[in-house]
Structure formats: structure tokens, C-alpha cells
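Reader: I am new to this structure. Please take me through the labels used for it, one at a time.

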Amino acid sequence: MPVNEPIITALSAIRDNLQNCILGKSFEIELLLTTLLAGGHVLIEDVPGTGKTQLIKALSKSINGEYRRIQCNPDILPSDITGVSVFHPHEERFVFRPGPVMTNILLVDEINRATTKTQSALLEVMEERSVTADGVTYDLPHPFMLCATQNPIDFEGTYHLPEAQLDRFMMKIQIGYPDAETEKNMLYAHRQGQPVDQLRPVTTMEEIGQMQQQIRGVHASDIVTDYLLEIVRRTREHADVLLGASPRASIAFLTAVKAFAFLQGRDYVLPDDIKILAPYVLGHRILLRPESRLGNMNGNQVLFQILRQTHVPVAVGR
């Protein structure tokens with residue numbers, strides 16, 4: 001059955017909030033909401049000052065979620081993120097003090113400035129939605145979404161994100177610079193201060209959790225699913241690819257296209273949903289051969305070739 005009216009109203013209100021803070025980036029906002037509803041994590045790679053932090057803050061305010069921010073640097077420790085057990089002298093026992101990861105929306109700013117040891121501490125957080133300290137496992141709040149940012153230009157003092165960690169990000173997106181007219185409107189909008197400071201919640205984390213549950217009921221026919229899997233399989237067989245998309249990528253891809261269809265007010269997936277999301281879900285999961293990288297190839301160029309060569313199903317019956 002189609003998405004009901006209260007949910008459409010809530011999603012529309014979230015979009016309006018975000019678009020009032022980040023002007024001219026409606027599609028990027030759609031990708032962020034898709035990741036949220038799909039229960040995934042997002043990596044935003046862009047130069048400083050394009051609104052990455054403001055976008056995440058606006059999202060957390062709109063959904064009335066708890067928000068924490070971690071500014072990564074080389075001396076940050078894993079326990080600074082996950083938490084640490086501290087001896088309590090009056091109780092004569094160790095007490096776990098949770099780190100900033102115990103939140104709904106976690107912004108990990110400039111993630112590639114953290115050491116690989118600290119980055120690895122996020123792997124359990126992203127996959128298991130829990131942290132382990134002194135042999136005890138603590139579940140994270142639900143829903144939970146990790147939003148990481150990195151600067152693609154400044155490489156001094158940075159650490160490469162390993163493929164295993166990149167594979168745990170459902171999407172990788174870029175915001176980019178606004179056009180001239182949008183930037184002019186942005187100047188006017190900031191006359192009264194930061195627009196994000198004036199936002200009010202338009203839904204709750206409980207409602208977001210219910211929407212995430214409803215995503216599972218979005219229908220993807222066998223024909224559409226086969227089309228998705230064919231694209232993933234071809235990333236593993238392409239001549240320029242050293243390492244293609246994993247089975248985890250297939251699961252994330254299907255969940256993402258279901259969430260994207262849900263955002264459009266549909267309870268079924270279309271092939272166009274797959275074509276639209278493929279670069280953002282699969283692009284960062286493709287590792288090219290060295291000779292291909294020297295030829296200025298990238299993952300998205302490979303994907304565009306695959307999409308052109310893969311037959312698009314016409315009949316997608318319910």
C-alpha cells in the first residue's frame with residue numbers, strides 16, 4: 001500500500017527544514033534522508049565550508065535526535081570515542097562512562113585525520129551498533145546514524161580510510177559549491193544568524209524508527225532485484241576493477257533503493273531508483289587497478305559504463 005499521508009507530511013517537513021539551512025542542495029538532502037531511513041551511515045567528502053556540519057546539525061534538530069560531534073585529529077584515542085571505565089572510589093568498582101558515540105546522530109568530522117587504530121574503533125560501532133569496554137558490550141541508542149566528513153584536498157596529516165571501513169558506509173556523497181544565485185540568497189539568509197539555530201523539530205526519533213521498519217515492506221520484484229545484482233556482479237568482473245562491490249554492498253544497495261522509493265511516496269522499487277543511487281552506494285566500494293588509476297579512471301566512470309551495458313528491465317510487476 002502507498003505511503004500514508006502523515007508520513008509524507010513528516011518527510012516533507014524534514015526536507016523543508018534542511019533546505020532552509022542548506023540552499024540549492026535538494027538532491028543531496030534526499031540522499032542523506034535515504035541513508036537515514038535505510039539505517040545506514042554516510043561519508044560526506046567535500047572541501048571545507050560547504051555546509052557539511054550544518055546539514056547534519058539541521059537533520060538532528062529536525063528529527064529531535066541527540067547529536068554529538070567528534071573533531072578527529074592524530075592524538076584522539078579509541079576510548080575518546082567509545083567511552084572508558086573509570087574507578088569509582090566510593091562504590092569501589094569500575095563504572096563505564098560512555099563516549100560521544102552514545103547518541104542518535106554522530107558527526108565524525110575529518111575522519112581521515114584520526115589514526116587507523118582510532119578509525120578501527122568505529123568498525124564495531126558502524127556494523128554492530130554497540131561498543132565493548134572491559135569485555136562488556138553496550139548497545140547504542142536506536143536509531144543511530146554515523147555521519148563522517150573528510151577533506152579530499154588536504155592530505156597532510158591524514159590517514160587513508162581502509163576498504164573495510166569504506167564498505168560500512170552506505171553512501172558517499174558530495175555537497176559542492178552553490179551556484180551564484182543560491183550563494184546570494186545564502187548571504188541574505190544569514191543576516192539574522194545561522195538558520196539552523198532557528199529550526200524546530202518536526203518529527204521524533206520514534207517515528208523515524210517506525211519509518212525504518214516500514215522500509216522493509218517496500219516491494220522489490222525479482223526482475224528489479226536481478227537488475228541490481230547484475231550491476232553489483234559486473235563491478236567484480238570489470239577489466240579496470242581490482243576489487244568490486246561486496247555482498248554487504250548488495251544488501252546496502254537494496255535497502256537504500258527501498259528507502260529512496262519510500263521517500264518518493266512509493267511502496268515499490270523502480271529500475272530508475274537503482275540507476276540513480278548506484279554511484280553513491282557503489283562508487284566508493286570499487287577499488288581500481290593501479291594502471292587504471294594512472295589513466296585517471298575512477299569508480300563512478302566504471303559504474304557509468306556498467307549501467308550503459310546492463311539491460312534495464314521494462315516490466316517490473318508488483
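Reader: What makes Glu230 partly exposed?

Author: This is a predicted model, so the value is a computed one. Glu230 has a relative accessible area of 22%. Buried means under 20% and exposed means over 50%. The value for Glu230 lies in between, so Glu230 is called partly exposed.

Reader: Which residue does Glu230 form a salt bridge with, and how do you know that the name applies?

Author: The partner is Arg234. The closest N and O atoms are 2.9 Å apart. A salt bridge needs a side-chain nitrogen of Lys or Arg within 4 Å of a carboxyl oxygen of Asp or Glu. The pair meets that cut-off, so the name applies. Arg234 is partly exposed as well, with a relative accessible area of 25%.

Reader: Where do Glu230 and Arg234 sit?

Author: Both are in helix 9 (residues 222–237), 4 residues apart. That separates them by about one helical turn. An α-helix has 3.6 residues a turn, so residues three or four places apart point the same way.

Reader: How many salt bridges are there by this rule?

Author: The count comes to 13. One of them joins Glu66 and Arg68, at 2.9 Å from N to O. Glu66 is partly exposed at 36% relative accessible area, and Arg68 is partly exposed at 32%.

Reader: Why is the pair of Arg248 and Glu127 called a salt bridge?

Author: Their side chains meet at 3.5 Å, N to O. The cut-off is 4 Å, so the pair qualifies. Arg248 lies in helix 10 (residues 247–263) and Glu127 in helix 5 (residues 116–128). The pair therefore ties together parts that are 121 residues apart in sequence. Arg248 is partly exposed at 30% relative accessibility, and Glu127 is partly exposed at 36%.

Reader: What makes helix 2 mostly covered?

Author: Of its 12 residues, 10 are buried. Among them are Glu28, Ile29, Leu33 and Thr35. Just after helix 2, Gly39 takes a positive phi of about 75 degrees.

Reader: Why are both faces of strand 1 called covered?

Author: Strand 1 spans residues 42–45. Val42 and Ile44 are on one side, with Leu43 and Glu45 on the other, and all are buried. In a regular strand the side chains alternate between the two faces of the sheet.

Reader: What makes strand 1 and strand 8 a pair?

Author: There are 4 bridges between strand 1 and strand 8 (residues 145–150). Pairing takes at least two bridges, so the two strands pair. They run parallel. Glu45 stands opposite Gln150 in strand 8. Strand 1 is also joined to strand 9 (residues 171–173) by 3 bridges, and these strands run parallel. Lys172 in strand 9 is the bridge partner of Leu43.

Reader: Is Ile7 buried or exposed?

Author: Ile7 is found in helix 1 (residues 5–21). Its relative accessibility is 8%. The cut-off for buried is under 20%, so Ile7 counts as buried.

Reader: Which residues is Ile7 in contact with, leaving aside neighbours within four places in sequence?

Author: They are Met211, Gln214 and Phe262. Ile7 and Gly265 are 258 residues apart in sequence, yet their C-alpha atoms are 9.0 Å apart in space.

How values were computed. Residues numbered from 1 in each chain as written. Predicted model: local features only at pLDDT ≥ 70, side-chain atom pairs only at ≥ 80, totals over all residues. Heavy atoms only, no water. Buried < 20%, exposed > 50% of the residue type's maximum accessible area, 1.4 Å probe, protein only. Contact = heavy atoms within 4.5 Å.
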